[in-house]
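Hi,

Here is the structure I promised to send over. Have a look at it first, and then read on for what turned up.

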Amino acid sequence: MGTFFSEPGWLFLTVTAVLGGTILCKLKTSPGQVGRKMVCLAGLWGGACLISLSLFWGLVLFFLSYFVMYTYFSGQELLPVDQKAVLITGCDSGFGHGLAKYLDELGFTVFAGVLDEQGSGAEELRRTCSKNLSVLQLNITNTQEIKAAYSKVKEKLQNKGLWAVINNAGVLGLPTDGELIPMTEYKRCMAVNFFGAVEVTKVFLPLLRKSKGRLVNISSMAGGVPMQKMAAYGSSKAALIMFSSILRQELSKWGVKVSVIQPGGFKTNISGTSQMWEKLERTVLDNLSPEVQEDYGQDYILSERSFLNLMKTSTDPDISPVLLDVRHAISAQSPFAFYAPGKLSYPWLCFASVSPTGIFDYLSRKIHTYSKKMPRVLSTSNWENEAM
């Protein structure tokens, strides 16, 4: 206690207040929650200096740490919009729809790719957005539509490059045990969430290289955190993260910056409708072998519907953290390689990266208990004896 109230202690507190306030002021000009981890680091470092070091070395390390952070944040100033052109996929609903409106309001020239250019989402964009937004028919699993979209974008931009490509389009598939997910769903998730994003990137990269622009891929927390029921979806998003990480290194020589967004639980239309889930459930039952269907039981398979209810009740309807992080990724002088919008996304990603496997699996089982139902064979009392 004596150290805290001594003259050096008060000096440390003064330095903390002044420099900490300076950094916090800079953070207010940066959208999203990109500075939280840096502020936490500053607090921990300052506390260590305050408690354990002499006045001289404490001041040296304290000033050094804040100098590094101040220099780091100086690269977070946002570039002027200047009607920079961006392409966004999957704008029918969800993140893509919100991003198209948000970036249009900020003054970007927006090319909004949609799965159905006659659908309600596309019509709403035409009705509510400015003349700087163009709706493009863009099924990212269709090579011809990707090439047609490229031609339209290049024609409209003429000799200007495309500033940013935001690969947002994605599908969830049927969340259930990996053994039960049909191969068609694994292939569909990879086709949309990975191969579609890769092909769009490859086709539009010449325009990005010309502008020294930005590539932003919307992945998911599930791409970095093993989550039960998400074998198809999580695997496809993990592949997208690795693809992005490699391109980040390869494209740096061209001046193109690559960022990955890994959102936590937000309420979008990716979970689908009840009718869609009924169709997927029937597909699962029709594709299981008699042995697997007997082991799991139809009641267990149909009980997975509770996951849909969980997504509706526990996800955040406010998608603004995602919008703000995407804006930072396409506008900051030095964007981050990874963003994790959402209340639990960043802690879970860190925990999954550093925790021992046994501890992670134990906590994951304790937390993800949305359904108490067990497969039919496991619920029988003689299962362990039969296994022996």
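The protein chain has 16 helices and seven strands. Keep in mind that this is a predicted model. Of its 388 residues, 46% count as buried. Among contacts in the chain with a separation of 6 or more, 75% link residues 24 or more positions apart.

Now for the inside. The largest nonpolar core has 34 residues, and those with the most contacts inside it are Leu 87, Phe 111, Val 153, Leu 162, Val 165, Val 200 and Phe 204. Two or more residues each come from strand S1 (85-88), helix H6 (143-157), helix H7 (183-211) and helix H8 (231-250). H7 gives the most, with ten residues. As background, nonpolar side chains in soluble globular proteins tend to be buried together.

Leaving aside neighbours within four places in sequence, Val 200 is in contact with Leu 87, Thr 89, Ile 140, Ile 146, Val 165 and Asn 167. Another core, of 33 residues, lies apart from the largest one, and its members include Leu 133, Val 216, Ile 218 and Ile 261.

Is Ser 134 buried or exposed? Ser 134 counts as buried because its relative accessibility is 15%, and the cut-off for buried is under 20%. Not counting residues up to four places away in sequence, Ser 134 touches Val 110, Phe 111, Ala 112 and Lys 156.

Cheers

Methods
Residues are numbered from 1 along each chain as its sequence is written. This is a predicted model: local features need pLDDT of at least 70, side-chain atom pairs count only at pLDDT 80 or more; totals for chains, interfaces and linings use all residues. Side-chain values use heavy atoms; hydrogens and water are left out. Helices (H or I, at least four residues) and strands (E, at least two) are DSSP runs, numbered from the N terminus. Buried means under 20% relative accessible area, exposed over 50%, partly exposed in between (1.4 Å probe, protein chains only). Contact means heavy atoms within 4.5 Å. A nonpolar core is a set of buried Ala, Val, Leu, Ile, Met, Phe, Trp, Tyr and Cys residues joined through side-chain atoms within 4.5 Å.
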